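Hi,

Here is the structure I promised to pass on. Have a look at it first, and my notes follow below.

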Amino acid sequence: MVLGLSLPMFTLLHSAISIIAIAAGLIYFVWLGLRRHWLDAFNNLFLLFTALTSITGFLFPPKPIGPPFIFGVVSLLLLAIALFALYRGRLAGAWRPAYLISALLAQWLNMVVLVVQSYQKIPALHAFAPTGAEPPVLATQAAVLLLVLLLGWRVLRRRAH
């Protein structure tokens with residue numbers, strides 16, 4: 001039991017939180033890159049649910065420190081930078097790129113985990129990559145990285161309104 005939920009139900013809750021974080025982040029960054037308009041609601045949703053993704057990840061039964069734990073710690077550190085840049089630095093000067101880079105990296109980490117978990121848990125994908133190191137997984141991770149790099153390039157070269 002985790003937070004009064006069975007482990008499968010808690011896993012479902014954690015997964016839903018993660019998907020909301022990823023979707024909100026994609027909407028926010030794509031909109032910002034295309035329209036140069038800051039969508040506060042999606043930005044706030046992205047930040048909140050990305051933090052909740054990492055926090056709930058730490059509540060799973062203990063395992064040896066490995067990639068999930070490291071990703072959670074790094075994600076929370078990136079979010080701390082993003083939140084400081086947003087609320088304390090008010091995105092002035094160098095705080096704007098600091099926010100965008102740290103937030104985009106947090107989004108990328110969410111998406112990396114989504115790809116890994118998808119290939120592990122979805123039977124049709126797992127059949128293509130039973131160990132997680134096969135070319136389909138690597139190609140999907142490369143596509144995710146290219147998407148985040150493209151979004152980063154778009155949002156960092158434009159001034160948001």
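Let's start with a crossing: α1 and α2 cross in a left-handed way, where left-handed means that the near helix is turned anticlockwise from the far one by less than a right angle, and right-handed that it is turned clockwise. Helices here are DSSP runs (H or I, at least four residues; strands are E, at least two), numbered from the N terminus.

Before going on, please note that this is a predicted model, in which local features need pLDDT of at least 70 and side-chain atom pairs count only at pLDDT 80 or more, while totals for chains, interfaces and linings use all residues. Residues are numbered from 1 along each chain as its sequence is written, and side-chain values use heavy atoms, with hydrogens and water left out.

Back to that first pair. Helix α1 covers residues 7-35 and helix α2 residues 40-57; their axes come within 8 Å and cross at roughly 150°. (Axes are lines fitted to C-alpha atoms, for helices over the stretch in contact, and angles run from 0 to 180 degrees between N-to-C directions.) α1 and α2 are therefore roughly antiparallel; the scheme is under 35 degrees for roughly parallel, over 145 for roughly antiparallel, 65 to 115 for roughly perpendicular, and oblique for the rest. Contact means heavy atoms within 4.5 Å, and among the residues that meet are Phe-10, His-14 and Ile-17 from α1, with Phe-42, Phe-46 and Phe-49 from α2. This contact has 13 nonpolar, eight polar and no charged residues. (Ala, Val, Leu, Ile, Met, Phe, Trp, Tyr, Cys and Pro count as nonpolar, Asp, Glu, Lys and Arg as charged, and the others, Gly among them, as polar.)

α1 also packs against α4. Their axes come within 10 Å and cross at roughly 135°, so the two are oblique to each other. The crossing is left-handed, and the residues involved include Ala-21, Gly-25 and Phe-29 of α1, and Leu-100, Leu-104 and Met-111 of α4. By class, that contact has 12 nonpolar, three polar and no charged residues.

α4 has another partner, helix α6 (residues 135-157): the angle is about 160° and the axes are 10 Å apart. That makes α4 and α6 roughly antiparallel, and this crossing is right-handed. Their contact counts 19 nonpolar, three polar and one charged residues.

Which residues lie closest to the centre of the largest pocket? The pocket holds about 1,200 Å³ of space, and of its 35 lining residues the closest to the centre are His-14, Phe-60, Pro-68, Val-113 and Gln-117. The largest share of the lining, 10 residues, comes from α4. (On a 1 Å grid over the protein atoms alone, a pocket is an open set of points where a 1.4 Å probe fits, with protein on both sides within 12 Å along at least five of seven lines; lining residues have an atom within 4 Å of a point. Points are joined across faces, edges and corners, and the volume is the space filled by probe spheres set on them.)

Cheers
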